[in-house]
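This briefing goes through some features of one structure, grouped by topic. Keep the sequence and the 3D view at hand while reading.

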Amino acid sequence: MLDGHVCWDAARALERLGGDEGLFREIVQIFLHEAPKHLAGLQQALAQRDKDSIERIAHTLKGELSYLGVSGAAHHASKLEDAGRNGDLECAASIRISLEKDVEGLLQNMYRALLEKTSSLSPIQPSGAHSNG
Amino acid sequence: MAEATISLEPKVNEPPSTLRVLVAEDDPMFRRILQSWLQTWSHEVVVVENGARAWDILQQEQPPELLILDWMMPEIDGTELCRRIRAQRRSRYQYILLVTGKNDRQDVVRGLDAGADDYLSKPFDRDELRARLRVGKRILALQDSLIHAREELRFQATHDVLTGLWNRGALMDLLHHELDRSKRANAPTAVLMLDLDHFKRINDTYGHLAGDAVLKEAARRLTQSIRSYDSAGRYGGEEFLVVLPGCDRGQTQNTAERIRAEIAGMPVLAAGVEIFFTASIGATVAEPGATSSTEILAVADSALYQAKNSGRDRTVLA
């Protein structure tokens, strides 16, 4: 799963999920859906110098990335969360660029992994299991 | 039955292995993970995406007993929720598991201080969550057995072990309350004092176990013959007391006769023989506010004495 600068320990993520591949695919899909929104949100928050939003979105990304086993990117998100909390916007702006690069690389990895998996595993379906929300 | 013991050991069948769990988490990824696991483990799960929704759910009649709350949430965050829940002081304790980010040590401390029982750091894994739920279940089970033990103690403190009727102390309290109430309601209160006839002879002839069987059967027939808002208790050895709120002399006479006839009606089978037994009843009706409980009991007692002296198996209304 190594791709340039992004290191995604998918095996560790799967292990955390108790080896449940169906659930693993589901959460990867949720991430694919959510991450672009987070990136856009970060960009907007920086443009508006909204440090609370920077902290909050970075916190969310930190949680998701570390869960998925993308420790390098999670580290960047954590730094960005700190920068947001401390109101250090210049620092935040530069970390955001690295983080965006990480996440975009990761998203590509994920798409590829999902496509590969479909040949060997059952096809990925939109999760119908989102019952009582 | 005679030696009721109080046990703090969790009952085998309680609490059920299925917990009612509330998950409050704004991140859709973790929401899905938690929901999926909890459902796999057969828990009843309600999932909400913010603290305000969680607070709404907690106002329900039977709220979830185990709460998994994310620390950072819009509107009402995890700590604030903890504080509100603890301030509510529900009789049923709710076990709170707070979910925090990695390295959020300060948050953990604040969360625990605000009333959380335990915490889980992201990224948590399946086995860890499962183990923490087991801890929660253990605490909830312990609480259930404490409540159960308290209820059992409360019952034992107010009831007669053999017959399950009110005991003497509880009867005196009941009579007191009833007299107060009758004064306010301006209604009479009737009291029956009932004594099984020749009970010593039953004990001597058939043994104490047979005597106990007669006492239990007398209690059962007595309870059967009164209304749900009347109170019956064991006053002493073979002596029972009945408090009848709002009964006038006619109703009191009828009730007493019904009880007497019910008791004398048929034998009880004990020690392999049919034992016939009867009861004498002394009855009195107190007008609202007229007398004290001591006086009423004295009047009923002397009426009982008369019933005994005039041949037993009868009612005397003083």
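Helix 2 of chain A and helix 3 of chain A cross in a left-handed sense. The model is a predicted one.

**Helix packing in chain A**

- The axes of helix 2 of chain A and helix 3 (residues 51–68) of chain A come within 10 Å, and the crossing angle is roughly 155°.
- Angles over 145 degrees count as roughly antiparallel, and helix 2 of chain A and helix 3 of chain A are therefore roughly antiparallel to each other.
- On the side of helix 2 of chain A, the residues in contact include A:Ile27, A:Val28, A:Phe31 and A:His38. On the side of helix 3 of chain A, they include A:Ile54, A:Ile57, A:Leu61 and A:Glu64.
- Sorted by class, the contact of helix 2 of chain A with helix 3 of chain A has 13 nonpolar, 4 polar and 1 charged residues.

**Helix packing in chain B**

- Helix 3 (residues 78–88) of chain B packs against helix 4 (residues 105–114) of chain B at an angle of about 15°, and their axes are 8 Å apart.
- That angle makes helix 3 of chain B roughly parallel to helix 4 of chain B, and the crossing of these two helices is left-handed.
- Helix 3 of chain B contributes B:Thr79, B:Cys82, B:Arg83 and B:Arg86 to the contact, while helix 4 of chain B contributes B:Arg110, B:Gly111 and B:Ala114.
- The contact of helix 3 of chain B with helix 4 of chain B has 2 nonpolar, 2 polar and 3 charged residues.
- Helix 7 (residues 199–206) of chain B and helix 8 (residues 208–224) of chain B have axes 6 Å apart and pack at about 140°. Helix 7 of chain B and helix 8 of chain B are therefore oblique to each other.
- From helix 7 of chain B, the residues B:Phe199, B:Ile202, B:Asn203 and B:Tyr206 meet B:His208, B:Ala210, B:Gly211, B:Val214 and B:Leu215 of helix 8 of chain B.
- That contact of helix 7 of chain B with helix 8 of chain B divides into 6 nonpolar, 3 polar and no charged residues.

**The interface of chain A and chain B**

- In chain A, 26 residues are in contact with 20 residues of chain B.
- The two chains, A and B, bury about 2,000 Å² between them, and 58% of this is on carbon and sulfur atoms.
- A:Arg16, A:His59 and A:Tyr67 supply 25% of the area that chain A buries against chain B, more than any other three residues.
- The rule finds 1 salt bridge across the interface of chain A and chain B. The side chains of A:Glu26 and B:Arg32 meet in a salt bridge, with an N to O distance of 2.3 Å.

**Salt bridges**

- Side chains of opposite charge can pair when their charged atoms come close.
- Over all chains, the count comes to 31 salt bridges.
- One salt bridge links A:Lys37 with A:Glu34, where the closest N and O atoms are 3.5 Å apart.
- Both A:Lys37 and A:Glu34 lie in helix 2 (residues 21–47) of chain A, 3 residues apart, about one turn of the helix.

**Backbone details in chain B**

- B:Lys122 and B:Pro123 are joined by a cis peptide bond, with omega about -5°. B:Pro123 is in the loop between strand 5 (118–121) and helix 5 (126–158) of chain B.
- B:Asn186 has a phi near 55°, a positive value in a residue other than glycine. The place of B:Asn186 is the loop between helix 6 (168–185) and strand 6 (189–196) of chain B.

How values were computed
Residues are numbered from 1 along each chain as its sequence is written. Chains are lettered from A and ligands numbered from 1 in the order in which they are written. This is a predicted model: local features need pLDDT of at least 70, side-chain atom pairs count only at pLDDT 80 or more; totals for chains, interfaces and linings use all residues. Side-chain values use heavy atoms; hydrogens and water are left out. Axes are lines fitted to C-alpha atoms, for helices over the stretch in contact, and angles run from 0 to 180 degrees between N-to-C directions. Helices (H or I, at least four residues) and strands (E, at least two) are DSSP runs, numbered from the N terminus. Angles under 35 degrees count as roughly parallel, over 145 as roughly antiparallel, 65 to 115 as roughly perpendicular and the rest as oblique. A crossing is left-handed if the near helix is turned anticlockwise from the far one by less than a right angle, and right-handed if clockwise. Contact means heavy atoms within 4.5 Å. Ala, Val, Leu, Ile, Met, Phe, Trp, Tyr, Cys and Pro count as nonpolar, Asp, Glu, Lys and Arg as charged, and the others, Gly among them, as polar. Buried area is the accessible area (1.4 Å probe) that two parts lose on being put together, summed over both. A salt bridge is a side-chain nitrogen of Lys or Arg within 4 Å of a carboxyl oxygen of Asp or Glu.
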